[in-house]
Amino acid sequence: MRKQWARIVFGVVLTAFAIGITSIDTGMNEWGRLGVFLIAYFAAGGDVLLEAISNVFRGKLLDENFLMAIATVGAFVVGEYTEGVAVMVFYQVGELFEHYAVERSRRSITELMDIRPDYANVLRDGEEQKVDPGTVEIGEQILIKPGEKVPLDGKVIQGCSFLDTRALTGESLPREAAPESLVLSGCVNTNGTLIVEVTKTFGESTVSKILDLVENASSKKAHAENFITKFARVYTPAVVGAALLLAVVPPLFLGISQGEVWMEWVYRALTFLVISCPCALVISVPLGFFGGIGGASRQGVLVKGSNYLEALAKTEIVVFDKTGTLTKGTFSVTEVHPEGMTEEALLELAAYAESYSSHPISRSLQKAYGKQLDPAKIRHVEEIPGHGVRAQLSHHFVLAGNDKLMAQEKLFCPAVETMGTVVYMAVDGKYAGYIIISDEIKDDAPKAVEDLRKSGVKNLTMLTGDGEYVANMVAKKLHMDRVYAELLPAEKVERMEELLTQKSPKGKLVFVGDGINDAPVLARADIGVAMGGLGSDAAIEAADIVIMTDEPSKLAAVMRISKKTLNIVRQNIVFAFVVKIATLALGAAGVANLWWAVFADVGVAVLAILNAIRVLRYKGD
């Protein structure tokens with residue numbers, strides 16, 4: 001792109017210099033004028049000319065490069081040097097806009113995926129060895145330290161810890177790993193040390209399958225062939241053939257011996273070629289989409305290519321991830337139900353009891369309490385794996401945990417159905433109430449669903465790794481059409497494949513997600529949309545569209561921008577065709593001269609650009 005910018009700027013400067021020097025030096029002969037303008041011409045479009053010549057030898061004779069070359073060379077033949085250079089400069093500007101949109105397309109997904117383990121600590125002959133995960137066999141034992149990725153699928157045989165599973169399931173709440181429990185590669189060990197017996201080789205492990213899904217899913221996407229190239233396949237041979245006939249056939253009937261008649265029809269044919277140059281279309285089509293991409297970016301949405309913006313207007317099915325997409329992805333205290341004390345007193349005791357833990361639930365309790373904790377009040381804290389904590393404070397003995405902890409202490413607690421996590425509390429041997437901690441639905445999620453329905457989306461579905469009850473509660477509140485819960489990445493892709501069969505041949509399926517675990521489905525969907533503010537790098541790279549503000553309602557706004565963009569592009573295409581056909585007819589009849597050609601080419605292009613710029617200001621309201 002830097003080379004293209006330099007080529008355009010250099011061509012414009014040299015063209016201005018050529019015009020200026022030929023105007024001042026009126027005594028300059030024709031060869032001198034030609035030489036000055038040829039320098040400007042080769043600076044602006046030498047690469048196009050070389051590409052056209054190269055394509056001839058490769059059998060690609062009649063493409064847009066050939067038409068641009070023959071049209072501009074034709075302008076030089078008839079003595080209109082300024083027109084020849086100007087047309088080439090405009091063509092390069094159109095190519096620049098098109099390349100800019102394509103250049104923003106996603107890079108290789110796998111380069112940024114950070115779930116691939118670098119090593120495994122395998123225990124062999126009583127010693128710890130750091131080896132490549134691919135060399136570890138089934139049945140061998142591996143040591144996983146705090147902060148390390150789980151390199152291979154296996155079963156815990158020693159140790160207790162919590163695993164960060166967001167890379168696989170999208171869940172913010174860590175899962176407990178204890179003896180006999182299964183662990184999946186790609187998770188991150190957060191606190192304790194684990195010894196795991198390997199149950200699958202690296203090639204069959206969860207992390208390997210995810211990487212494979214992403215790489216293969218990307219190859220399944222069909223990218224529409226460039227409109228201009230398709231158009232040129234028919235248009236270019238037609239206008240070149242027509243120009244050739246125009247130059248040869250009429251003089252044959254009028255008398256080939258008449259040199260003036262011959263030159264007149266050759267002049268008309270070359271004018272016809274200059275008029276036929278598809279500069280307006282070459283510029284207006286990509287620029288229209290570029291304007292739509294710019295309008296979307298003003299809304300905080302990055303669209304990685306014009307083909308994705310075009311496809312978005314045909315959306316029939318939208319599939320959402322839950323955590324971090326429709327919900328905030330952060331846990332907070334949403335309800336406090338005390339018995340025999342105030343809400344503030346119950347929160348204070350819970351915050352002190354959980355003060356030594358870095359677990360998300362503990363942090364949310366401390367945040368809800370909102371006051372500075374006095375370490376002197378805490379005498380002893382004991383964590384009970386899989387149950388909760390037991391704390392001896394200066395004046396109270398506190399239990400905080402799940403219903404299993406209450407049952408273990410033989411304390412009655414009510415059964416609570418909620419989409420969040422329930423922390424039951426007991427103080428001095430008596431049940432004291434419960435606190436609900438949940439992942440809240442995003443404020444604009446209901447608006448997102450409503451706006452998408454208004455935009456014509458027929459099916460709104462949610463895929464999540466969360467539990468059935470929580471998923472159904474969220475789906476019910478948001479009025480989703482369908483929900484699938486407790487899914488691993490491979491299962492999400494399977495559901496995606498099913499949904500893809502339910503759309504019409506021209507319809508599109510959009511998936512919206514935010515985690516690394518969403519990368520395979522983001523890549524497999526017709527259009528993948530990632531939450532960019534809090535989403536993972538892998539999801540952002542796998543996606544075709546990135547919502548940088550983390551607001552799902554922006555999707556409907558971009559859909560409206562997409563439809564507006566398509567309308568403007570269609571207007572430009574129709575306008576360019578009508579003017580071209582009319583001017584070509586006039587040029588063939590000898591009525592239109594090269595000034596008409598300038599309007600048909602450069603003038604139409606400028607008007608198309610001004611029309612395309614309108615979409616930049618459209619906010620999708």
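In strand β8, Asn189 is the bridge partner of Leu163. Strands here are DSSP runs of E of at least two residues, helices are runs of H or I of at least four, and both are numbered from the N terminus. Two strands are taken to pair if DSSP finds at least two bridges between them. The model is predicted: local features need pLDDT of at least 70, side-chain atom pairs count only at pLDDT 80 or more, and totals for chains, interfaces and linings use all residues. Residues are numbered from 1 along each chain as its sequence is written, and side-chain values use heavy atoms, with hydrogens and water left out.

**Sheet containing β8**
- Strand β5 (residues 161–164) pairs with β8 through two bridges in the antiparallel sense.
- The open sheet has three strands in the order β6-β5-β8, with antiparallel pairing.
- Because β6 (175–177) and β8 (188–189) each have a single partner strand, they stand at the edges, and one side of each is left without a neighbour in the sheet.

- Strands β1 (residues 120–124) and β2 (residues 127–131) run antiparallel and are joined by five bridges.
- Ala120 stands opposite Val131 in β2.
- Two residues separate β1 and β2 in a hairpin, and Asp125 in the turn has a positive phi of about 55°.
- Three bridges pair β1 with strand β3 (residues 141–144) in the antiparallel sense.
- Gln141 in β3 lies opposite Leu123.

**Helix α19**
- Helix α19 (residues 554–588) has 35 residues and reaches 50 Å from its first C-alpha to its last, close to the 51 Å expected at 1.5 Å a residue; the expected span is 1.5 Å times one less than the number of residues.
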